[in-house]
Amino acid sequence: MLSSTRPTRRAAARTLQATAGVAAVALALTACGGGSDEGSGEEDGPITLKVATFNDFGYTDEMLAEYTKEHPNVTVEHVKAATTDDARSNMTTKLAAGGEGLADIEAIEVDWLPELTQYPDLFTDLADPELDGRWVDWKVQQATTPDGKIIGYGTDIGPEAICYRADLFEKAGLPTDREEVAELLGGEDSTWEDYFAAGRKFVKKSDAAWYDSSAGTFQGMINQLPAAFEDPETGEAKDLGDNAEVKAIYDEIVGSVDDDLSAGLEQWGDDWVAGFQNDAFATMLCPAWMTGPIEQNSGGIEGWDVADVFPGGGGNWGGSFLTVPASGAHTEAAKELAAWLTAPEQQTKAFETSGTFPSQIEAQESEAVQSFTNEFFNDAPVGQIFSTRAQAIEGAPYKGAHYFAIRDEVTNALNRVDITKSQDADESWDEAVEKAAALG
């Protein structure tokens, strides 16, 4: 719930690679002070509010025009960055300069929050008692600063299922019905061992790989760890060399690479995009927002479906927020617009438009979401599937200021084994441990 004491989207589209290291971002943000309160009140005359997003938040021209119809003095200008990295770089650079040039509303990824919440004065406090209970509790807590300030209104969350190519399954002699596929992968008690075991059966009878990306698979697995890289009590980074949980996941993934389960592709890269057309892989870890990129990249390809199952239980990947930089000229009006954009009604429309699953309880329970099917995914009842997957999420893992940088070192290690094949698994892990230690 939202309270006055409070804290993915998509990595879609997204692996969420940092455009600047944690240290660089921290130094840049430390260099600037908080935004001015001047001009933060509403004006009597017409104003323009700029909303900066990335990928596809489902904010259509029709939706924004609806807001202007309800608020005739407000024109909404929507600016979309080419990539998540571009949005992150733009925001951190301009925050370091005092916020000049930032949009009135800036969308952020969940994994940016550990850094941004260290600088609460740069953001408008969005606490509003009237919005208590709108969001699932763990979503609210993600955007609460250490001193209890709310810096972001939640947009979507990323409950995970498994998307799969039923046509490739059929050619390999595996079940194709989504319920049977869920059982193939272990059903309610599905484990990662089940998932990789099914992949080994598949690759013996197919020219396609089992999954698209080791880094993407790794992200889904570490999202199930309560605290992958840091101690929640102190915020200090764990010694990667002694991190048995992360090392076990790393070993399981590189073992699957050795068994040719991975297509060896980097998510969001050109080869990955081409892989959808080339039958390069049969399954993907599939947060709700991923259904949009899959459909976009698979034009002309039939056979995709969604199974209501996820190894290891529930998992959330991604999810975004709308922030209001304190440096803006119309922060109160921007706060009102951000609240409207993240209301259940708008988030339900965004889900129908782009597959972004709402973090709002009322939206999740709405008939529009519960009855929603996706024609591209063989008319899969994605509203019900992702609602079930959302209920399996037990909470948000701890991600502190060191998370981004350490996660990237392990991802780089996997890529050296899986994509560039420049090192073996042990050498690449040792390099990740060394580089993580050097982060300080």
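Predicted model: local features only at pLDDT ≥ 70, side-chain atom pairs only at ≥ 80, totals over all residues.
Strand 4 (residues 153-154) and strand 10 run antiparallel and are joined by two bridges. Within the pairing, tyrosine 153 sits opposite leucine 322 of strand 10. Strand 10 also pairs with strand 3 (residues 105-109), again in the antiparallel sense, this time over four bridges. Here isoleucine 108 is the residue that stands opposite phenylalanine 321 in strand 10. Pairing of this kind works through backbone hydrogen bonds, and it can be either parallel or antiparallel.

What about the two faces of strand 10 (residues 320-323)? Both are covered. Ser320 and Leu322 are buried on one side, while Phe321 and Thr323 are buried on the other.

Next comes threonine 124, which lies in the loop between helix 4 (113-116) and helix 5 (137-142). Is threonine 124 buried or exposed? Its relative accessibility is 12%, and the cut-off for buried is under 20%, so threonine 124 counts as buried. Once neighbours within four places in sequence are set aside, threonine 124 touches Lys149, Ile150, Ile151, Val324, Pro325, Ala326 and Thr331.

Elsewhere, four strands make up an open sheet with mixed pairing, in the order 7-8-6-9. Strand 7 (209-211) and strand 9 (304-307) are the edge strands, each pairing on one side only. From one strand to the next, the twist averages 20 degrees. Strand 7 pairs with strand 8 (residues 281-287) in the parallel sense, over two bridges, and tyrosine 211 faces threonine 283 of strand 8.

Helices pack on this sheet too. Helix 9 (residues 214-222) touches strand 6 (160-165), strand 7 and strand 8, and its direction makes about 35 degrees with that of strand 8. Helix 17 (residues 382-391) touches strand 6, strand 8 and strand 9, with its direction at about 135 degrees to that of strand 6.

Valine 382 belongs to helix 17. With a relative accessible area of 3%, valine 382 is buried. Which residues does valine 382 contact, leaving aside its neighbours within four places in sequence? They are Val306, Phe351, Phe372, Thr373 and Asn374. Aspartate 305 is 77 residues from valine 382 in sequence, and their C-alpha atoms are 9.6 Å apart in space.

Last up is a pair of helices. Two packed helices are described by the angle between their axes and the distance between the axes. For helix 10 (residues 244-258) and helix 18 (residues 403-418), the angle is about 20 degrees and the axes are 10 Å apart. Angles under 35 degrees count as roughly parallel, so helix 10 and helix 18 are roughly parallel to each other. Their crossing is right-handed. On the helix 10 side, Val246, Tyr250, Ile253, Val254 and Val257 take part, and they meet Val410, Ala413, Leu414, Val417 and Asp418 from helix 18. Sorted by type, the residues of this contact come out as nine nonpolar, no polar and one charged.

Definitions and conventions
Residues numbered from 1 in each chain as written. Heavy atoms only, no water. Buried < 20%, exposed > 50% of the residue type's maximum accessible area, 1.4 Å probe, protein only. Contact = heavy atoms within 4.5 Å. Pairing = 2+ DSSP bridges. Axes fitted to C-alpha atoms, helices over the stretch in contact; angles between N-to-C directions. Parallel < 35°, antiparallel > 145°, perpendicular 65-115°, else oblique. Left-handed = near helix turned anticlockwise from the far one by under 90°. Nonpolar A, V, L, I, M, F, W, Y, C, P; charged D, E, K, R; others polar.
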